[in-house]
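Welcome! The report below walks through it piece by piece.

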Amino acid sequence: QSGREYRGKAVILTLGAVPKSLEIKGEVPLRGKGVSYCATCDADFFEELDVIVVGNGDAAIEEAIYLTKFAETVALIVRRREGDLRCNKTSAERALANPKIKWVWNSVVEEIKGEGLVEGVVLKNLQSRELSELAANGVFFFVGTVPNTALLKGRVALDEQGYIITNERMETSLPGVYAAGDVRLKYLRQVVTAVNDGAVAA
């Protein structure tokens, strides 16, 4: 942003990714006030409280299971029909057998309610179109991430979602340009995999 130009023999792109927002009413103003995108970061704030998890992939189901170690109840909001989860079979079986996890099928969150802190959500049933309210102290979103690659379009190869495509040596389609971390197209996005990427790229 300074306008200065730097030259180097190589560039490593570590632009990261941000949690995908569903742009639900109340989501942005209540971020950090009960709305979270990281169970391992914030779970202990919700000890013996009621929380909601939005999503049905591996991350959502595994984080919901983790949250049961702290929360009193974890309500999983799933837009698909009963039993239809997008996660691996082992996680699904563990979650379905967990007595602390309550399931709300065929539903989406329409609004997050609260004055200063999350107090609950408004749900819409996708079959009946009926609205209902569910009390909760926290809402955790696990619906994917968006890579910070807008400035790279047309410069290096990206996949359909905008993640940088690399080979196992972290090389991009542009010679001398490497990528590492959450911005890269890969299966698992965690600190340990990002550090590995960085070591290989360097």
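## Strands 7 and 8 and their sheet

Strand 7 and strand 8 (residues 120-125) run antiparallel and are joined by six bridges. To find this pairing for yourself, look for K113, which stands opposite G120 in strand 8. Keep in mind as you explore that this is a predicted model.

The pair belongs to an open sheet of three strands, in the order 7-8-9, with antiparallel pairing. Which strands stand at the edges? They are strand 7 and strand 9 (131-135), and each has a single partner strand, so one side of each is left without a neighbour in the sheet. From one strand to the next, the twist averages 30°.

## The protein as a whole

Stepping back, the protein has four helices and 12 strands. Its C-alpha trace spans about 55 × 40 × 35 Å along the principal axes.

There are 202 residues in the protein, and buried residues make up 40% of them. Among contacts with a separation of 6 or more, 54% come from residues 24 or more positions apart.

## Helix 2 and its neighbours

Helix 2 covers residues 58-67, and its buried residues are A60, I61, E63, A64, I65 and L67. What do these buried residues pack against? Their partners are helix 1 (39-42), helix 3 (89-97), strand 4 (50-54), strand 5 (73-77), strand 6 (101-104) and strand 10 (138-141).

Two of those partners, strand 4 and strand 5, also pair with each other: they run parallel, and five bridges join them. Here D50 stands opposite T73 in strand 5. Strand 4 is mostly covered, with four of its five residues buried.

## The largest pocket

Now for the open spaces. Rolling a probe the size of a water molecule over the atoms shows where empty space is left. The largest pocket holds about 1600 Å³ of space. It is lined by 43 residues, and the closest to its centre are A59, A60, F142, V143 and G144. Several elements give two or more residues to this lining: strand 2 (17-19), helix 1, helix 2, strand 7 (107-113) and strand 11 (145-147).

Which element provides the largest share of the lining? That is helix 2, with five residues.

How much space lies in the second largest pocket? The value is about 420 Å³. Its lining is made of 13 residues, and V11, L13, L151, L152 and R155 lie nearest its centre. Sorted by class, that lining has 10 nonpolar residues, one polar and two charged.

## A closer look at T149

To finish, find T149 in the loop between strand 11 and strand 12 (177-179). Is T149 buried or exposed? Its relative accessible area is 3%, and buried means under 20%, so T149 counts as buried.

Which residues does T149 touch, not counting those up to four places away in sequence? They are L158, G162, I164 and V183.

Technical notes: Residues numbered from 1 in each chain as written. Predicted model: local features only at pLDDT ≥ 70, side-chain atom pairs only at ≥ 80, totals over all residues. Heavy atoms only, no water. Buried < 20%, exposed > 50% of the residue type's maximum accessible area, 1.4 Å probe, protein only. Contact = heavy atoms within 4.5 Å. 1 Å grid on protein atoms, 1.4 Å probe; cavity = no way out; pocket = protein on both sides within 12 Å on 5 of 7 lines; lining within 4 Å. Points joined across faces, edges and corners; volume = space filled by probe spheres on them. Nonpolar A, V, L, I, M, F, W, Y, C, P; charged D, E, K, R; others polar. Pairing = 2+ DSSP bridges. Axes fitted to C-alpha atoms, helices over the stretch in contact; angles between N-to-C directions.
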